Amino acid sequence: MNDPIGDMLTRIRNSQMRGKSTVMTPASKLRAWVLDVLADEGYIRGYEATTGKDGHPAIEISLKYFDGTPVIREIKRVSKPGRRVYMAVSDIPTVRQGLGVSIVSTSKGVMSDASARSANVGGEVLCTVF
C-alpha cells in the first residue's frame, strides 16, 4: 500500500456512506495521530487499538453521526505520495472559513491548522475535513 493515510480516509468515507458505526483499519502511529486530531476536533467518537482478523494490529474507529447524517461531510487528502504539499505557517489555508480543519504534520507533531498557527509551525498538509 502506497498511501496508508489515504486508505484510512477512504475507509472512513465509505463506511459513513453505508451508515456503519465502526470501521477497522490497519494500525500505525501516523494513523493514530491523525485520529487523535479528528477526535479532538469532534469529527469521530474515538478509536481503540485492537487486533484484526488476520492477527495484525488494527484500529477500530467509532464514527459519529448527528440526526442520522455523518458529522464528516467531506474528507479529502491534500498531500499525496506523488505530490507532497508543504506550507509555511502563514500559508496554511482555512477550510470553509474556519468551519473545517486542516490536519498538518509538523516538526512538533500532527496537529490541526489552528494548533499549528498558535505553535507558529508549518509543515505537510495531510488532509482537510469539513
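The expected span of a helix is 1.5 Å times one less than its number of residues.

Before that, some ground rules. This is a predicted model, in which local features need pLDDT of at least 70, side-chain atom pairs count only at pLDDT 80 or more, and totals for chains, interfaces and linings use all residues. Residues are numbered from 1 along each chain as its sequence is written, and side-chain values use heavy atoms, with hydrogens and water left out.

Helices here are DSSP runs of H or I with at least four residues, strands are E runs of at least two, and both are numbered from the N terminus. α1 has 15 residues, and from first C-alpha to last it reaches 21 Å, close to the 21 Å expected. Just after α1, Gly-19 has a positive phi of about 80 degrees.

Which residues of α1 are buried? They are Ile-5, Gly-6, Met-8, Leu-9, Ile-12, Ser-15 and Gln-16, where buried means under 20% relative accessible area with a 1.4 Å probe, protein chains only.

Now the core. A nonpolar core is a set of buried Ala, Val, Leu, Ile, Met, Phe, Trp, Tyr and Cys residues joined through side-chain atoms within 4.5 Å. The largest one has 23 residues, and Ile-12 is among those with the most contacts inside it. α1, α2, β3, β8 and β10 each supply at least two of its residues; the largest share, five residues, comes from α2.

Leaving out residues up to four places away in sequence, Ile-12 touches Val-23, Leu-35, Leu-38, Ile-61, Leu-63 and Ile-72, contact being heavy atoms within 4.5 Å.

Technical notes:
Buried means under 20% relative accessible area, exposed over 50%, partly exposed in between (1.4 Å probe, protein chains only).
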